[in-house]
Amino acid sequence: MIQIRNLHLKFVREYYALYDINFSVAPTESVALVGQENSGKTTLLRVIAGLENFCNGEVYVKGISIKKINFASDVSMGYIPESPVFLGKKTVYENFKALLKSRKVNEKQIEDQINKALIDFNIERLKDVKAKDLSLFDGYLVSFIRLSFRTLDIALVDNIFEKLNEKQIEIIINLITKMFLEKKVTTIVATSSEQIAKRVAGKVAYFVNGTLEKVESNDKKVVKNVKPKI
């Protein structure tokens, strides 16, 4: 699904954000990128998402060079960044509606799909809240639910656990499990927590100062989770 060969990326002349990364992710595989701040894990996710240019190396998604891939037709990729991005002055409902309208979904289906998602994920309370007024945790919830409106090939989750409490972390882990792991979506999660990494991934890659130090297999089976209360 994803192949990375001899990847190098510099933000300034003297400093490699990523240095000689060789890494692969198989179809349906779940992988965690573990490292502290500035270790390279977020930068690698952004490269895979097509958001960063690199100076040397090759990155392929589904056999297509990341520099040539069409994210609208070649691959269905969902990316949840550390800082959620929305239409800030619009409500959660209006954000969902704008997204579905851009995909040419008709009005009746838009209403049905949004109402179903609000109920299924138990977030009716957020329907009329403006996106700019969402808490960080609620922003993450809405980001996940926004991805539920399409079938994904790849899900990228970037370092979103750092500012959450234990209950919120459990809810997010359940969402990753329910939405991605149980549906066999190829999943890459970046986190500084080895404990979280081993709960959401079958393989853990450790990053230090822009280099990939080691990759370890985590052979646990994914256990289905009960729908969390939000």
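Tutor: Buried means under 20% relative accessible area, exposed means over 50%, and partly exposed lies in between (1.4 Å probe, protein chains only). This is a predicted model, in which local features need pLDDT of at least 70 and side-chain atom pairs count only at pLDDT 80 or more, while totals for chains, interfaces and linings use all residues. Residues are numbered from 1 along each chain as its sequence is written, and side-chain values use heavy atoms, with hydrogens and water left out.

Student: Why is Asp112 called partly exposed?

Tutor: The relative accessible area of Asp112 is 38%. That value lies between 20% and 50%, so Asp112 is partly exposed.

Student: What makes Lys108 exposed?

Tutor: Lys108 has a relative accessible area of 53%, and exposed requires over 50%.

Student: Why are Lys108 and Asp112 said to meet in a salt bridge?

Tutor: A salt bridge is a side-chain nitrogen of Lys or Arg within 4 Å of a carboxyl oxygen of Asp or Glu. For Lys108 and Asp112 the N to O distance is 2.6 Å, so the pair qualifies. Both belong to helix α3, where, being four residues apart, they are separated by about one helical turn.

Student: How do you know that Glu107 and Lys97 form a salt bridge?

Tutor: Their closest N and O atoms are 3.7 Å apart, which is within the 4 Å limit. Glu107, at 44%, is partly exposed, and Lys97, at 30%, is partly exposed as well.

Student: How many salt bridges does a search of the whole structure find?

Tutor: The search finds twelve, including one between Glu52 and Arg46 at 2.8 Å, N to O.

Note on methods:
Helix = DSSP H or I, 4+ residues; strand = E, 2+ residues; numbered from the N terminus.
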